[in-house]
Amino acid sequence: MSQEIRMLPEQASTVAGQVDAIYLWLIGVSVFFSLLIAGLLLYFAIRYRRRAEGEVGGRFDSSTLLEITWSVIPLVIVLATFFWGAKIYFTMFRPPADAIEYFATGKQWMWKIQHPSGQREINEMHVPVGVPIKVTMTSEDVIHSFFIPAFRVKSDVLPGRYTTLWFKATKTGTFHLFCTEYCGSEHSLMIGKVVVMEPEAYQQWLAGGPAATSMAEAGEQLFGQLACSTCHQDGPTGRGPALAGVFGSQVRLASGRTVVADENYIRESILNPQAKVVFGYEPIMPTYQGQIGEEGLLQLLSYVKSLAPKPAETAAAPDAGGDGSAR
Amino acid sequence: MSAAELPATHYLNATHGLKSWLLTRDHKRIGLLYLLGVSFFFAIGGLFAALIRIELITPAGDVFQPDTYNRIFTTHGIMMVFFFLIPAIPAVLGNFLIPIMIGAKDLAFPRLNLLSWYIYMVGGAFSLYSLLHGGVDTGWTFYTPYSTAFSNTYVIATGLGIFINGFSGILTGINFIVTIHRMRAPGMTWFRLPLFVWGHYATSLIQVLGTPVLAITIVLLALERLFHLGIFDPARGGDPVLFQHLFWFYSHPAVYIMILPAMAVISEVIAAFARKRIFGYHFVAFASIGIAVLGFLVWGHHMFVSSQSVYAGTVFSVLTMLVAIPSAVKVFNWTATLFRGSVSFETPMVYAFCFLGLFAIGGLTGVFLGTLGLDVHVHDTYFVVAHFHYVMVGSTITAFLGGLHYWWPKIFGRMYSEFWGRLSAIVVFFGFNATFFPQFVAGYLGMPRRYHAYPEEFQALHVLSSGGSIVLGLGYLIPIVYLLYSIKWGKPAGDNPWGAIGLEWETTSPPPVENFAAPPVVEHEAYEYAERAERLGAAPTT
């Protein structure tokens, strides 16, 4: 491997260039101010060096105009930087609607990756180039952090809840995947690689592995095995609310509050069903804490998501589940 | 200006024997006791830093076991942050100087002051003992649920040491606040106070208001570890991010506990060696208070990728940008102070220049980290490591050493070698940059922090960093030799070797036990070099 001297990591995602641009801007600002201060300090220090033992300095020691000037100019610069940085941040945390969804589970000390089509990998993640990919993540133990330097994306991965990030790779190749939240003994071995492939190569890669059940199908099977379907039947007759169209909708609770049925809501409703009971239903659902692992939960989540109306259908057929405006 | 000999009696020789030191209520002696304490813990922290740099010379984790390495960086962080950086300047220089600078005989509560030193030593000894016998592997940040439900190390014992030590900081803070309010000499109005006192006043406010939150956080951590209450552990219904909020609510302001006293020292040194009133005195004074207040409102910038809401992140980012302004204002004012000054380049001033260089880099890279979209990439990488070392370590230690050299003749009555003093300052500056600048590059390239082994492409930068740390270590060792030498064999300094203005320079070196032969009365502004020269009939330079 050639040891070339690099100052920037490879740019391999759509946001990488934006992050590097603001980085270079701030380097420019920093170099300018550092040189300005250093130059003035040196100039004053030499120009006004002490020439006689008893000498003292002059009286010029305050100027409101100067104080305002050197407060306002940096303020304008940092506020402009803030808006620019916030714009990139919002981009990073708002996945496009057509992103395909991967799942990542952190565990001391490995990454378990699952593809939407059900393939599993450990410490490796194969993705197609040029396709927006959303990664929904959780941890089985402590806090981890999912970091792909070449994509300039990072998010902590927490036990007990879901976090997401997204990226669109712009070039094929193999890139580092690091855990960046200290997680114990082998934190520095909790590393992996992201392999970005041409879409056809990715399809071949998928076909090359053992036939897999997709996440949503696996969730549907689990839904049956755990007998969820006994109560959560289609239509209004079930003892639990019907789940079609629930994901992403506004749900009215028995407490009168309304919440958006997102990933963390679905998770909580399975593990701690009494926390947010849907209006009009009895709090009779038992907890499934300890009966389903993180991967099973992700499969159930995918199944519930697959029951949501597609964006196009939503517009055509607004049903009782709400209008899906969470997108 | 040069007295042939030291005064016949002073605070160092007024009483003799170990007991006269261990039971002293003299703020000056307590300051020196603290100097011994912080130097000891700095040496321990530095030793562990050396072990880190040795391990990181090669990409493979081949010197220590991973668990050992994790204990090493944790010990380094805990010793340095809680037992060196936070107390260093206030407890040593603040203790020694605040009463003298305001014309008082001692702090308001001398017994409390001695108690705070004992609490500090007990807390430090307790933490050090648990760190060495078994150790802790959570990092100094103690993130949950790792620290409460997964780590098998001595979390509670170490935490207890930090908890105990917190009371020391609270007591010192209260002592300073009361002293500054109640014990100023006649004529010493608020706006005649040296900026050193303003800086320590702001610092004390943070210590008194912030430290209890750290104490509460440690108690909650211990309760969850001991009794399995579900506070932070999601498996028990807790919220791990809550811990981060509580922790940073104290620990971000704690950075200002380290940097405000450093800035306070720099204001004194620059005024003395430019022989000029600090430019924009009021702005510099209020910038300290502004930093102390805003510093409490920015903790969430440690959590931009923690799952904190995007909107909360936005608010914390904009507040972080605002807190950069008072720091920038101080730097501009210090620079402008040199304009039409009478600048000389003795050791303390060389340290002040080093401070300005390191603080500029540390402060500006803080803006990088406060910028949302950019922080996502560099968060928890070596970029952050480099940034906080520039601010907390580079800036604070150069200011501490600069201050120590500036007031050394006052403290011990004798001069050190100017040659070795300047040389060590320059060695520290280059060593520090060689150690930590490559870490900015490594961090942006993606090198995560707290890694025991790392991919090969980062090796060149790590080797640079480890090499620099040898130079830096040398820079810290040289002063020990010539400063200790000077206590015995240095030339007597006289009352005011620098020709500086300030009440501390109007008493003998070393000062008498009561600080002044007669209680001083203050009639003029601080740093009135030009005015005094005019009164005395000599024209100023410019």
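This is a predicted model: local features need pLDDT of at least 70, side-chain atom pairs count only at pLDDT 80 or more; totals for chains, interfaces and linings use all residues.
Figure 1. Searching the whole structure gives zero disulfides over all chains.

**Figure 2. Where chain A meets chain B.** Here 81 residues of chain A are in contact with 91 residues of chain B. The two chains bury about 7700 Å² between them, and 68% of that lies on carbon and sulfur atoms. If you like to count polar terms, there are 33 residue pairs in polar contact between the chains, both residues at pLDDT 80 or more. On the chain A side, the elements giving two or more residues are helix H1 (16–47), helix H2 (64–93), strand E7 (153–157) and strand E9 (173–179). H2(A) supplies the largest share, 18 residues. Sorted by class, this side has 43 nonpolar, 22 polar and 16 charged residues.

**Figure 3. A salt bridge across the interface.** A:Asp61 pairs with B:Arg277, with the closest N and O atoms 3.6 Å apart. Five salt bridges are found across the interface of chain A and chain B, and the search over all chains finds 21.

**Figure 4. A buried charged pair in chain A.** A:Glu263 forms a salt bridge with A:Lys134, the closest N and O atoms being 3.2 Å apart. A:Glu263 sits in helix H5 (residues 263–271) and A:Lys134 in strand E5 (residues 132–139), so the pair ties together parts that are 129 residues apart in sequence. Both A:Glu263 and A:Lys134 are buried.

**Figure 5. Two salt bridges within chain B.** B:Lys28 pairs with B:Asp26 at 3.1 Å between the closest N and O atoms. B:Lys28 is buried, its relative accessible area being 0%, and B:Asp26 counts as buried at 9%. The other pair to look for is B:Asp380 with B:Arg449, whose closest N and O atoms are 3.5 Å apart. It links distant parts of the chain, 69 residues apart: B:Asp380 is in the loop between helix H12 (372–378) and helix H13 (382–412), and B:Arg449 in the loop between helix H14 (418–445) and helix H15 (459–489). B:Asp380 counts as buried at 8% relative accessibility, as does B:Arg449 at 12%.

Technical notes: Residues are numbered from 1 along each chain as its sequence is written. Chains are lettered from A and ligands numbered from 1 in the order in which they are written. Side-chain values use heavy atoms; hydrogens and water are left out. Contact means heavy atoms within 4.5 Å. Buried area is the accessible area (1.4 Å probe) that two parts lose on being put together, summed over both. A salt bridge is a side-chain nitrogen of Lys or Arg within 4 Å of a carboxyl oxygen of Asp or Glu. A polar contact is a pair of N or O atoms within 3.5 Å; within protein, one must be able to donate a hydrogen and the other to accept it, and residues adjacent in sequence count only if both atoms are side-chain atoms. Helices (H or I, at least four residues) and strands (E, at least two) are DSSP runs, numbered from the N terminus. Ala, Val, Leu, Ile, Met, Phe, Trp, Tyr, Cys and Pro count as nonpolar, Asp, Glu, Lys and Arg as charged, and the others, Gly among them, as polar. A disulfide is a pair of cysteine sulfur atoms within 2.5 Å. Buried means under 20% relative accessible area, exposed over 50%, partly exposed in between (1.4 Å probe, protein chains only).
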